[in-house]
Amino acid sequence: MTTDADADAPVRRRRRGPELEAALLDAAWEELTDVGFGRLTMESVAARARTGTAVLYRRWANKDELVLAALRHHQRTHPVDLPDSGSLRGDLLAILTAMGEARAGFFSVAAAAAASGLLTSTGLTVAQVRDRILGDQASSRVRHLYERAHDRGEIDLGLIPPAVLAMPFDLVRHDLLIGFGPVRQSRIQSVVDDLFLPLVRAHSRTSGPPHSGRSESGSTRSAPAPSSPA
C-alpha cells in the first residue's frame, strides 16, 4: 500500500554515461579534500556518490587511478578564463593572477595527495603526475593567447623558445606548490616585467623586430605549444 510519505518522496533518477562518471569524480574530489589521500577508499567514494564499489571498479582499477582522474576532472571543469586585454602583457598579468588565485586550493590538495602516498603508490614522478592531470587542453588555450600576440605583431613565435613561453606559468605553479596560497600580485608583475618580457625582447633582437604575424601568403605562422600549461 502506498502511503502519503511514499508519494511525496523524490524519485531517484538513474545516472548514466558521462553524467554518472562526472558525479563519481566529483565525489572523489570531495572525499579527497575532506579526508585526504591516505584515508580515501573506493568504499568511501562510493558511499559519497550513493552507488556501489563495482561501479567505480568498472572505470578505475584502484584508488590511485580514481584520484588522478578526479584531479584531472576538477582541473578541466574549473578552467581559468582566457583574457583578451589587447596586449600580451595585459593578458599575462590577468591569466597569471587568475591562475594564482583559482589554482591555490587545487595545488594544495594535489600536493597533499602526492605527499600522502600517491607518488609512492603509483610509481610516477611529479612530472608524470602533472602530465596525467593537466593533459594538453590547457596548453592549447595558452597557445591561443600567444598566437593572438603574434598576430598583433607583438612577438614572433618563430624566434621564442618554448621554454621561455612556458616560464611564466612554470614559476606561478612553483609558487603555488611551495606557498599553498594565492600568488602575490607583485610577484606576478615581476615574473612578467622583469623576467618574461626582457627574455622575449632579447630573442627578438637576435633576428630583428617582430613581424606582423602574417606570412607573404597571408597565413599565420603556427606557434609552438608551451610545455607547461595554465
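This is a predicted model: local features need pLDDT of at least 70, side-chain atom pairs count only at pLDDT 80 or more; totals for chains, interfaces and linings use all residues.
Reader: Which residue does arginine 173 form a salt bridge with?
Author: Aspartate 170. A salt bridge here is a side-chain nitrogen of Lys or Arg within 4 Å of a carboxyl oxygen of Asp or Glu.

Reader: How far apart in helix H10 are arginine 173 and aspartate 170?
Author: Three residues, so about one helical turn separates them. Helices are DSSP runs (H or I, at least four residues) and strands are too (E, at least two), numbered from the N terminus.

Reader: Arginine 173: buried or exposed?
Author: Buried, at 7% relative accessibility. Aspartate 170 is partly exposed, with 29%. Buried means under 20% relative accessible area, exposed over 50%, partly exposed in between (1.4 Å probe, protein chains only).

Reader: Which residues do salt bridges with shared partners join into one network?
Author: Asp84, Asp91, Arg148, Arg152 and Glu154.

Reader: How many salt bridges in the whole structure?
Author: The search finds 10.

Reader: What does arginine 148 pair with?
Author: Aspartate 91, with the closest N and O atoms 3.1 Å apart. Arginine 148 is in helix H9 and aspartate 91 in helix H6 (residues 88–102), so the bridge ties together parts 57 residues apart in sequence.

Reader: How buried is aspartate 91?
Author: Its relative accessibility is 0%, so aspartate 91 counts as buried. Arginine 148 is buried as well, at 16%.

Reader: And what about aspartate 91 with arginine 152?
Author: They form a salt bridge, closest N and O atoms 3.9 Å apart. Arginine 152 sits in the loop between H9 and helix H10 (162–179), 61 residues from aspartate 91. Arginine 152 is partly exposed, at 34%.

Reader: New topic. How many aromatic pairs?
Author: Two. Rings of Phe, Tyr and Trp (its six-membered ring) pair if their centres lie within 6.5 Å; planes under 30 degrees apart are stacked, over 60 edge-to-face, the rest tilted.

Reader: Why is the tryptophan 29 and phenylalanine 106 pair stacked?
Author: Because the planes are at 15 degrees, with ring centres 6.0 Å apart. Tryptophan 29 is in helix H2 and phenylalanine 106 in helix H7 (residues 104–122), 77 residues apart. Tryptophan 29 is buried at 13%, and phenylalanine 106 is buried at 6%.

Reader: How do tyrosine 146 and phenylalanine 196 pair?
Author: Tilted, with 40 degrees between the planes and 6.0 Å centre to centre. Tyrosine 146 lies in helix H9 (residues 137–151) and phenylalanine 196 in helix H11 (residues 185–205), so they tie together parts 50 residues apart in sequence. Both residues are buried.

Reader: Where is arginine 50?
Author: In the loop between helix H3 (42–49) and helix H4 (53–57). Arginine 50 is exposed, at 66% relative accessibility.

Reader: Last one. How many helices and strands?
Author: The chain has 11 helices and zero strands. Of its 230 residues, 39% count as buried.

Technical notes: Residues are numbered from 1 along each chain as its sequence is written. Side-chain values use heavy atoms; hydrogens and water are left out.
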